[in-house]
Protein chains: 2
Amino acid sequence: MTTTLRDYGVDIGGTNIRLGVVEDDLVVAQYRQPVGEHRSPQAIVALIVELQQQAMQEWGPARAVGVGAPGIVDPQAGMILKSPHFSEWIGFSARDAIAQAVGVPVALENDANAIAIGEARYGAGTGLTNFIMLTLGTGIGGGLVLRGELFQGDRGFAAEVGHMVIQRDGPACNCGGHGCWELFASASGLHRLIDASDDPAKAAFLEHFHGESTRVTPAAAYERALDGDLFAHQLWRQFGGYLGTGIASLMNVLGVEHFVIGGGIAAAWDFFAEATQRAIARHTYPENAAAVQLHRAQLGDDAGILGSAYLASRCVA
Amino acid sequence: MTTTLRDYGVDIGGTNIRLGVVEDDLVVAQYRQPVGEHRSPQAIVALIVELQQQAMQEWGPARAVGVGAPGIVDPQAGMILKSPHFSEWIGFSARDAIAQAVGVPVALENDANAIAIGEARYGAGTGLTNFIMLTLGTGIGGGLVLRGELFQGDRGFAAEVGHMVIQRDGPACNCGGHGCWELFASASGLHRLIDASDDPAKAAFLEHFHGESTRVTPAAAYERALDGDLFAHQLWRQFGGYLGTGIASLMNVLGVEHFVIGGGIAAAWDFFAEATQRAIARHTYPENAAAVQLHRAQLGDDAGILGSAYLASRCVA
């Protein structure tokens, strides 16, 4: 009989669901299932149960399960109100449905918030009273840690920072808004920046992608920059500029000096961070710009699992 | 000998300094001194002492004095780091200087935050766990009440909401930034909107102002709208649109549903509020737009005095 305290953390992504076994604040094993075409609430619950059973066979049962889900989550009610990747999830009582299926207590949180909690407790946010977590991916995930605690707004809506307006007359966003930050400073933003560019070096760059900007992944754009491609360098500087505009804006609103930046795109840090700092200086008081500190996230893909497992550990006395 | 608990609240404005005598949560008397050319730290302290002596003669001494000051204030250190209206105030230890001069404990806060505290305790924010206070004047003053308390950021910098970027390639702001919200949704914003307009009705409107947009005060633009001037109506709708864009952005970032709107410009509410709601709907999720509630501030010019007097009351045991 083991006496190890063990919780499971689940990260529901648009492509994969991952479950991590967390012991002593470490992810000791990870299991993964592709989501595929099965995107209904029932199908997702079934996949989580499958992952739980795999994990239990090797590691034994968990005290509780924490789940980070994409979309607008009401953590008190345990509900997913809506989700960009799962159109059928409208007012889905995910916490209770999953708890019933897995047979242990479940904590539910927005995925970006779960990442913020992970970094706050075990990563780059350790010891910071206030910080803003930015997860750069298809969009911009955000988490606000204020006075040492996650701030969730009135109904779990907080930190949809990707939908902060930075260009009032800008392009339409699928949130229904216009000129949202994540239209520029995200993976899809890279495509937009490429399409809008009239840099003569663009053609040579796009040759590596069959001439199609939509084939440019952040990882590939990063590799091209590593290879010394001039357009790729310019692209990352532009990206950094948009990133910095939004960070300055958040600094002005919240007066928070620490930003923890993660997500796949953060890998290209060396190519955009300087432009980000310049844009921050361009869009806020000199005192504010000098005070801003950008931190790279430390936990990578484990952040969300650790964060949701931590929330799970608080569900059990 | 009276046993009434009495505090003084001081509001330092760019034009006047006002001191209010607060008894039983009411402003029972107000005194005022024009700032004029005397804008040094010493001159302002001397004016506050003068107001204090006037008030004491009629109402007796106060337990403590609360001061709301424009600019970037560090309330813990009791310092004004810098101020848009008082160029000599750089790292001015206002709290200690005033306390020494008036002989009672002093609390110092940013003026917009003092207004937020006033509305939170006695006005439109009563009972709201989270709300955002917007004071529309020359710029946009902001105060964030989160989890029932003023959120001040890392060093009292929070809620410079007027400097949130809403038009990345927009005009330069005297904060050093570009495209700040308050360049559009403020008194100076009205001038900018008039200058940019090519509405044929503009000429008739401007006739009332000797053809000069800079002579258009918010009060005068409001009067023209009351008189049925078509351009004035259009102007307020535009103003409302910019106001709503920023409110939507704040809603997306903080997930806070309640906004309390005060300041002189709020008088024109009936002419801009509908356009504000439309812009909110244009720039956020339908769920968010439906959840936003705009409240008119209730305390007018008393808000800042009541708020700073409340802070003063917490300085005495």
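**Reading helices and their packing in a predicted model**

Mentor: Helix α10(A) is mostly covered, with 10 of its 12 residues buried (under 20% relative accessible area, with exposed over 50% and partly exposed in between, for a 1.4 Å probe and protein chains only). This is a predicted model, in which local features need pLDDT of at least 70, side-chain atom pairs count only at pLDDT 80 or more, and totals for chains, interfaces and linings use all residues. Residues are numbered from 1 along each chain as its sequence is written, chains are lettered from A in the order in which they are written, and side-chain values use heavy atoms, with hydrogens and water left out.

Trainee: Which residues of α10(A) are buried?

Mentor: They are A:Ala303, A:Gly304, A:Ile305, A:Leu306, A:Gly307, A:Ser308, A:Ala309, A:Tyr310, A:Leu311 and A:Ala312. These residues pack against several elements of chain A, including β1 (6–12), β4 (65–69) and α3 (111–122). Helices (H or I, at least four residues) and strands (E, at least two) are DSSP runs, numbered from the N terminus.

Trainee: What should the 12 residues of α10(A) span?

Mentor: The expected span is 1.5 Å times one less than the number of residues. For α10(A), residues 302–313, that gives 16 Å, and the end C-alpha atoms are 16 Å apart, which agrees.

Trainee: How are two packed helices described?

Mentor: By the angle between their axes and the distance between the axes. Axes are lines fitted to C-alpha atoms, for helices over the stretch in contact, and angles run from 0 to 180 degrees between N-to-C directions. In chain A, α6 (residues 218–226) and α7 (residues 230–254) pack at about 125 degrees, with axes 7 Å apart. The two are therefore oblique to each other (angles under 35 degrees count as roughly parallel, over 145 as roughly antiparallel, 65 to 115 as roughly perpendicular and the rest as oblique).

Trainee: Which residues of α6(A) and α7(A) make the contact?

Mentor: Contact means heavy atoms within 4.5 Å. From α6(A) come A:Pro218, A:Ala221, A:Tyr222, A:Arg224 and A:Ala225, and from α7(A) come A:Ala232, A:His233, A:Leu235 and A:Trp236.

Trainee: At what angle do α4(B) and α7(B) cross?

Mentor: At roughly 120 degrees, their axes coming within 10 Å. α4(B) and α7(B) are therefore oblique as well. B:Leu190, B:Leu193 and B:Ile194 of α4(B) take part in the contact, and among their partners on α7(B) are B:Phe231, B:Trp236 and B:Tyr242.

Trainee: What is B:Asp111 in contact with, leaving aside its neighbours within four places in sequence?

Mentor: B:Asp111, found in helix α3 of chain B, is in contact with B:Asp11, B:Ile12, B:Gly68, B:Ala69 and B:Pro70.
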